[in-house]
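Thanks for asking me to look this one over. Here are my notes, in the order I would go through them with the model open.

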Amino acid sequence: MKVILAESAGFCAGVRRAVDIAVDAVGKAEAEGRGCATLGPLIHNDDMIRSLERQGLPSVSELSETAGRDIVVPSHGTSSGVLKEAASMGLRVVDATCPHVNRLKKKAVDWEAGGGTVVIVGDRRHPEISGVASYLRDPIISDDQEEILKGAASRRGERFLVLAQTTQVAEFVIGVFEALRAAGHDVIYKNTVCPATKERQEETRRLSCKVDAMIVIGGPKSANTRRLEEIAGASGKPTYRVANLSELDVKGIKDAGYDKLGITAGASTPDGIIKEVVKAMADLGAEKEMTMAELEQLYPEKKEAAPVKKELQVVTGKVTLVTDDEVLADVGQGADVHVPKDQLTFSKSVLPGQLFQPGDEITVALEDFDAQKDVQYASKVKADAITSWERAKGAFESGSPLEGVIVEAVKAGVVVDLGLRAFMPASQIGKRIEDLSTIVGTKVRVKVVELEENRKGAVVSARALLEEEAARQREENFSKVQVGSVLQGVVRKIMPFGAFINLFPGVDGLLHVSEISWQRVGNPSEVLNEGMNVEIKVIAIDDARGKISLSMKQLAEKPRFKTMAVDLDEGGIYSGTVVKLMSFGAFIRLEGGAEGLVHVSQISDSRVQSPEDVLSVGQEVKVKVLSVNHENGRISLSIKEAADRAEREKYEDYMKSSEEDFKITIADRIRIKQQSGKR
Ligand code: SF4
């Protein structure tokens, strides 16, 4: 048989402290010629009480029995009435109350002072609880859940604080708290189970699962020993609760032939008594006394079967504090709940401060209460898991957007925390990002574009949403544009055929080159620059194709062709510049700005296939005005007739000058002849 002794067995710090204080008090009292006594047993162990009596520290049950001796208040404390009475009797009181008991008392008194009602889960007859209760007006005290629920029901509307006797089983107390909450009471819980008790209970639970039988050593009046007995018994293993070796059925244990035997002891069980029991087991032939650590190495704890899934309570509140490790939030539980970093998001690389700031709203699932630390934990990840899949599914079906946080940069995209893990390809982010890690921690609105049913994941796109929103905005803005309205716009892009003018976000119109000016414009860049503000008039809207036609020239005064052409004489010859060549002719700008067309047939007497063959843009030419249409400003010109005219004029000039030359010569000859006849 192997014997395993629990490491936590024996005196707790509170009991050890009380014994030290009492022994000290005895020494002092004797030195001053007085005696010393404890009011009730110092600790719940008869052997220890007898031992203390032998050391000069008897136990009395009434102050009247003290006979002037100093009074030591035991580790579980005493009532306010007793202390007042002792003071009135002039007795010297030495307080050995355990600090954990005082802590319970303080929490209870403070709560009542704030107008709340205290619920203590504990034995009202136990001196610890009767002592604490003596400081309270009207607490509910019971170790029976139904009784507490009944008491609370008759006081509905009051604000309850659930506290525990220091030696209670924390899980039981939390169960009472949850039952009160489920019944709709305004209730919070603060852990007052002492850490030593909790540790001892935990170890007993683990040990009893690994051995064939348990021995729990402690007095029958010791509340914490009784709890250990309950816990060990709950494992289904035979459990022997004994005050000392004399109560132990050693023969029965031997006959049972246990292979492994576990031993633990209550907080008030002296080491000597524990050693006696261990030795007796060794005498039975126990091979070795093992420690818990050795046992756990030998028999590692099996993975527990998955616990029955509890329905988590999801609550919403406000963030009150953000640290690098957690977020605290007020979700109406009295004290703030703690949401550890790893329960905020599934990403390890995001800090709480990147997700939340004080004052932000947060929805969490309440998790188990950590009685040891007196902390109510909560999980956003679990709250999200409850709601996120359905929400993502709904968003996918309806096309509505979801908000999430980019929590990780991965190959070819980023991971977005939507409560569930969603992947967003880099191409769907909506803007070009060189280093995706720079946007980790950024909040983002996305559209669910694909659902991965099996993996409970999704593919999302911010770009799809941006495009949809742009289209919606464009549609809205498009409806503001009316034919005939005059708008301010910005030249967004210049093309050879015109310029795109931005009128409203997402709404552009085309200003065709022919609509820029009444004067001919070869290329829009001659008069416009990108980014330039312009005033334009809407001249046509194609609703079906979403196209808008604009004009600048219609806002300018229409040139009166008459004015431009008024000085032109039909048949007159003018200088001009070729400004555009078309297959059917050439446009010539005349001095003064008027433009006319030289039809291809009017370029030359010879056949011209294409105006480009004989003319070039910018070339200076002489033209003859064939006709001027003052109604539409069209001017017909002719290069060949201008050339004919020029040729003819040259010829006439020549002929004229030749005739003069000829006339002079004949006259001269006649004169010469006459002059020579006279000789
Ligand atoms: S069991 Fe806990 S509360 Fe009781 S005396 Fe020991 S330390 Fe104090």
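1. Overall make-up. Please keep in mind throughout that this is a predicted model. The protein chain has 679 residues, of which 43% are buried. Its secondary structure comes to 17 helices and 33 strands. If you take the contacts between residues at least 6 apart in sequence, 65% of them join residues at least 24 apart.

2. The nonpolar cores. In the largest nonpolar core you will find 40 residues, and the ones with the most contacts inside it are I362, V364, I406, V414, V416, M424 and V460. There is also a second, separate core, with 28 residues, including V211, Y258, V278 and M281. As background, nonpolar side chains tend to be buried together in soluble globular proteins.

3. A closer look at V460. Which residues does V460 contact, once its neighbours within four places in sequence are set aside? The list runs V416, L418, A422, F423, M424, P425, Q428, V446, K447, V448 and V449. V416 and M424, both on that list, are also among the residues with the most contacts inside the largest core.

4. The ligand shell. Around the ligand sit C12, G14, V15, C98, H100, T166, C194, T197 and A267. How does this shell divide into nonpolar, polar and charged residues? There are 5 nonpolar and 4 polar residues, and no charged ones.

5. H126. This histidine is placed in the loop between β6 (117-121) and α5 (127-133). Is H126 buried or exposed? H126 is buried, because its relative accessibility is 8%, and the cut-off for buried is under 20%. Its side chain reaches the backbone nitrogen of E128 at 3.0 Å. Leaving out residues up to four places away in sequence, H126 touches H44, H76, Q165 and A223.

6. Aromatic pairs. A search of the whole structure gives 3 of them. One of these is F497 with F500, an edge-to-face pair with 6.2 Å from centre to centre and 85° between the planes. F497 has a relative accessibility of 37% and therefore counts as partly exposed; F500, at 25%, is partly exposed too. Another edge-to-face pair joins F584 and F587, with 6.2 Å between the centres and 90° between the planes. F584 is partly exposed, with a relative accessible area of 36%, and F587 is partly exposed as well, at 22%.

7. A67. Here is a backbone detail to look at: phi of A67 is near 55°, a positive value in a residue other than glycine. For context, most residues other than glycine have a negative phi. A67 lies in the loop between β3 (59-60) and β4 (70-73). With a relative accessibility of 69%, A67 counts as exposed.

8. G285. The last stop is the loop between α11 (271-283) and β13 (288-291), where G285 is found.

How values were computed. Residues are numbered from 1 along each chain as its sequence is written. This is a predicted model: local features need pLDDT of at least 70, side-chain atom pairs count only at pLDDT 80 or more; totals for chains, interfaces and linings use all residues. Side-chain values use heavy atoms; hydrogens and water are left out. A nonpolar core is a set of buried Ala, Val, Leu, Ile, Met, Phe, Trp, Tyr and Cys residues joined through side-chain atoms within 4.5 Å. Buried means under 20% relative accessible area, exposed over 50%, partly exposed in between (1.4 Å probe, protein chains only). Contact means heavy atoms within 4.5 Å. A residue is near a molecule or strand if one of its heavy atoms lies within 4 Å of it. Ala, Val, Leu, Ile, Met, Phe, Trp, Tyr, Cys and Pro count as nonpolar, Asp, Glu, Lys and Arg as charged, and the others, Gly among them, as polar. Helices (H or I, at least four residues) and strands (E, at least two) are DSSP runs, numbered from the N terminus. A polar contact is a pair of N or O atoms within 3.5 Å; within protein, one must be able to donate a hydrogen and the other to accept it, and residues adjacent in sequence count only if both atoms are side-chain atoms. Rings of Phe, Tyr and Trp (its six-membered ring) pair if their centres lie within 6.5 Å; planes under 30 degrees apart count as stacked, over 60 as edge-to-face and the rest as tilted.
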